[in-house]
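Please examine the sequence and the model displayed below. The text after them is meant to be read alongside both.

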Amino acid sequence: HRRWSAAYAARAGVAYRVGRLQAALRDLTQAERYGRGEARSAIALLRGNCHYRLQSWPEALGAYRRYLRLTPGDPVDSLVRKRVAELGGKLSAYLAQTPLGASGWWRRGQVHLTLGKRREAVKDFNMALGLQPGNPAALLARGRTLLALGALKKALVDLRAAHKRRSFDAK
């Protein structure tokens with residue numbers, strides 16, 4: 001399976017270099033099916049770069065966040081974090097122009113978390129929950145962020161609500 005992942009990833013890299021970004025994304029999807037370990041981080045980084053060039057800010061951000069989660073302390077980290085900061089501004093402008101709804105605010109909150117701006121992240125999660133009360137992803141993210149900020153009681157309320165909502169959604 002690793003050979004398949006490497007073959008698809010290599011083909012995606014070539015497609016990316018020649019500007020065939022949609023083809024690269026299709027190949028990356030196939031590579032992810034077979035990839036393990038380090039291959040997953042490289043795939044996430046290339047996926048982020050494709051979406052960045054396509055100006056698909058939310059998707060680029062998601063891929064970069066996955067990359068940062070998979071490779072803590074990688075030398076490329078600083079470049080990716082810089083791009084995530086830039087994406088935060090682009091995503092904010094995108095949100096102002098496009099009514100993305102709760103998912104857009106949740107993604108912007110994720111940007112702020114990546115940058116270590118927890119209070120701003122809580123504000124974004126509040127906006128997401130204002131648009132879609134009971135959103136389990138926003139409740140979970142806000143609960144974890146409040147926990148990191150030391151607001152234990154508020155965090156516990158959100159985390160319980162998220163757990164209850166996810167259990168209900170699974171049925």
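This is a predicted model: local features need pLDDT of at least 70, side-chain atom pairs count only at pLDDT 80 or more; totals for chains, interfaces and linings use all residues.

Residues are numbered from 1 along each chain as its sequence is written, and side-chain values use heavy atoms, with hydrogens and water left out.

The protein contains nine helices and zero strands; helices (H or I, at least four residues) and strands (E, at least two) are DSSP runs, numbered from the N terminus. Along the sequence the pattern is accordingly written α-α-α-α-α-α-α-α-α. Of the 171 residues, 41% are buried, where buried means under 20% relative accessible area, exposed over 50%, and partly exposed in between (1.4 Å probe, protein chains only). The protein exposes about 10,200 Å², of which carbon and sulfur atoms supply 54%; accessible areas come from the Shrake-Rupley method with a 1.4 Å probe, and for residues only the protein chains shown count as cover. Contact means heavy atoms within 4.5 Å. Among contacts between residues at least 6 apart in sequence, 46% join residues at least 24 apart.

Helix α4 (residues 57–70) and helix α6 (residues 102–114) have axes that come within 10 Å and cross at roughly 35 degrees. Such axes are lines fitted to C-alpha atoms, for helices over the stretch in contact, and angles run from 0 to 180 degrees between N-to-C directions. The crossing of α4 and α6 is left-handed, meaning that the near helix is turned anticlockwise from the far one by less than a right angle. On the α4 side, Pro58, Leu61, Gly62, Arg65 and Leu68 take part, and they meet Arg107, Gln110, Val111 and Thr114 of α6. The residues of this contact comprise four nonpolar, three polar and two charged; Ala, Val, Leu, Ile, Met, Phe, Trp, Tyr, Cys and Pro count as nonpolar, Asp, Glu, Lys and Arg as charged, and the others, Gly among them, as polar.

The C-alpha atoms of Ala85 and Val111 are separated by 7.3 Å, although the two residues are 26 residues apart along the chain. Ala85 counts as partly exposed because its relative accessible area is 38%.

Asp124 belongs to helix α7 (residues 118–131). Asp124 counts as buried because its relative accessibility is 2%. Leaving aside neighbours within four places in sequence, Asp124 is in contact with Trp105, Arg108, Gly109 and His112. A polar atom of the Asp124 side chain lies 3.5 Å from the backbone nitrogen of Gly109.

A charged residue of helix α3, Arg47, is also classed as buried, since its relative accessible area is 11%. Not counting residues up to four places away in sequence, Arg47 touches Leu25, Leu28, Thr29, Glu32, Ala63 and Arg66.

Two exposed residues complete the account. Gln55 lies in the loop between α3 (38–53) and α4 and is exposed, with a relative accessible area of 55%. Gln55 and Leu87 are 32 residues apart in sequence and 9.7 Å apart in space, C-alpha to C-alpha. Lys153, in helix α9 (residues 152–170), counts as exposed at 75% relative accessibility. Its C-alpha atom and that of Gly143, ten residues apart along the chain, are separated by 9.6 Å.

How values were computed: A polar contact is a pair of N or O atoms within 3.5 Å; within protein, one must be able to donate a hydrogen and the other to accept it, and residues adjacent in sequence count only if both atoms are side-chain atoms.
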